[in-house]
Amino acid sequence: MDDPVLDKLCELQEAELEVRRLEDSLSAQDRAARVRGEQIAKHKEHIEALRARHRQVRMSADKKELEVRQKRAEIEKLRQQQTLVRDNRQFAALQNEIRFAELAISKYEDEILTDLGDLDAVDADTKKAHDDLKRQEEELAAVRREIEARKGDLVRRIADGRARRQAIAHALPDKVVDLFNRIAERLDGEALAPVIRDEEDEDDGGYVCGGCHMGVTQNTYVLLAGGAGAAQSREKDILHTCPNCTRILYLKKT
Ligand SMILES: [Zn+2]
């Protein structure tokens with residue numbers, strides 16, 4: 001094959017794919033930093049929830065401690081009353097009240113112990129979450145530094161790649177570039193496909209589109225190979241496209 005338009009188009013595709021690869025790499029890096037940032041935000045929410053839990057348990061324990069103090073004061077008062085009564089029945093009734101208050105105190109004290117155990121667990125979780133956060137933040141900072149270091153180089157290479165793509169496009173007829181761009185837009189930059197041997201059908205010697213593996217007619221193959229009528233069709237700037245995926249077909253140089 002000696003077709004300057006197709007040769008140029010192959011170069012254009014190479015430049016197009018290189019620019020896309022670099023752009024993808026740039027946005028993948030930004031995405032990586034963003035994902036880590038989101039993880040950190042979620043982690044901070046988790047720490048906030050642990051702190052809220054700590055406050056809640058602390059408040060509940062404080063309330064019970066206050067109840068215990070009140071009950072103790074109550075018992076103190078009941079004991080004083082006992083010293084004043086002469087009647088056994090009244091004394092016994094007060095004694096009963098004291099016992100109830102003591103039972104209440106004992107129940108509160110058990111609950112306070114449970115609360116303090118919960119507080120220890122929450123505080124241990126909080127400490128671990130803080131350590132994790134610190135590690136994640138350090139990792140994010142490292143990722144950001146790495147991205148910043150690479151970004152300048154990537155941005156420069158993207159600009160170079162775009163300039164190269166434009167220079168190649170300038171050497172091609174506008175309508176060819178338009179066709180290329182339309183297909184490239186749709187197929188992730190792959191506007192061209194080589195015609196390749198159909199490996200599933202070796203005996204037949206058939207050819208298929210390297211993009212979608214749809215059969216290519218003998219006539220198209222002959223025209224691309226520079227057979228009869230090829231020169232004529234070339235003069236008309238006819239490009240052969242795959243009827244299935246619409247990619248511009250070319251023959252790989254051997
Ligand atoms: Zn195809």
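Me: What does F180 touch, once its neighbours within four places in sequence are set aside?
Reply: F180 is in contact with L9, L12, A191 and I248. A contact here means C-beta atoms within 7 Å. Keep in mind that this is a predicted model.

Me: Which residues of the largest nonpolar core touch the most other members?
Reply: F180, C209, I248 and L249 do, in a core of 25 residues.

Me: Which elements each supply at least two residues of this core?
Reply: There are helices and strands in the list. The helices are α1 (4–84), α3 (174–186) and α4 (218–224). The strands are β1 (192–197), β2 (207–209) and β4 (248–251). α1 gives the most, with six residues.

Me: How do you know that both domains take part in this core?
Reply: The core draws at least three residues from each of domain 1 (4–170) and domain 2 (174–251). As for the general background, nonpolar side chains in soluble globular proteins tend to be buried together.

Me: How far apart are the C-alpha centres of domain 1 and domain 2?
Reply: They lie 58 Å apart. The contact between the domains takes ten residues from domain 1 and ten residues from domain 2.

Me: Which element gives the most to the side of domain 1 that touches domain 2?
Reply: α1 does, with nine residues. By class, this side of domain 1 has seven nonpolar, one polar and two charged residues.

Me: How do you know that α1 spans what is expected of a helix with its number of residues?
Reply: α1 has 81 residues and reaches 120 Å from its first C-alpha to its last. At 1.5 Å a residue, 120 Å is expected. The two values are close.

Me: Which residues of α1 are buried, and what do they pack against?
Reply: The buried residues are L6, L9, L12, Q13, A15, E16, V19, L22, V57 and K71. Buried residues of α1 pack against α2 (88–170), α3, β1 and β4.

Me: Why is V57 called buried?
Reply: V57 has 20 other C-beta atoms within 10 Å. The cut-off for buried is 20 or more.

Me: What does V57 touch, not counting residues up to four places away in sequence?
Reply: V57 touches D115, D118, L119 and V122. Take D118 as an example: V57 and D118 are 61 residues apart along the chain, yet their C-alpha atoms are separated by 7.4 Å.

Me: Why is Q218 called exposed?
Reply: The count for Q218 is 12 other C-beta atoms within 10 Å. Exposed means 12 or fewer. Q218 is at the limit and therefore qualifies. Q218 sits in helix α4. From L78, Q218 is 140 residues away along the chain, and the C-alpha atoms are separated by 112 Å.

Me: What makes D188 stand out in its backbone, and is D188 buried or exposed?
Reply: D188 has a positive phi of about 55 degrees, although it is not a glycine. D188 lies in the loop between α3 and β1. Inside 10 Å there are 11 C-beta neighbours. With 12 or fewer required, D188 therefore counts as exposed.

Me: Why is T246 called partly exposed?
Reply: T246 has 17 C-beta neighbours inside 10 Å. Buried needs 20 or more, exposed needs 12 or fewer. The value for T246 falls in between, so T246 is partly exposed. T246 is in the loop between α5 (230–235) and β4. Phi of T246 is near 70 degrees, a positive value in a residue other than glycine.

Me: What is the strand order of the open sheet?
Reply: The order of the four strands is β3-β2-β1-β4, with mixed pairing.

Me: What makes β3 (215–216) and β4 edge strands?
Reply: Each pairs on one side only.

Me: How do you know that β1 and β4 pair?
Reply: They share four bridges, in the parallel sense. Pairing needs at least two, so β1 and β4 pass. A193 has L249 of β4 as its bridge partner, and L192 has I248 of β4.

Me: How do you know that β1 and β2 pair?
Reply: Three bridges join these antiparallel strands. At least two are needed, so β1 and β2 count as a pair. The bridge partner of I196 is V208 in β2.

How values were computed. Residues numbered from 1 in each chain as written. Predicted model: local features only at pLDDT ≥ 70, side-chain atom pairs only at ≥ 80, totals over all residues. Core = buried A, V, L, I, M, F, W, Y, C linked by C-beta atoms within 7 Å. Domains from an automatic or database assignment. Contact = placed C-beta atoms within 7 Å. Nonpolar A, V, L, I, M, F, W, Y, C, P; charged D, E, K, R; others polar. Expected span 1.5 Å × (residues − 1).
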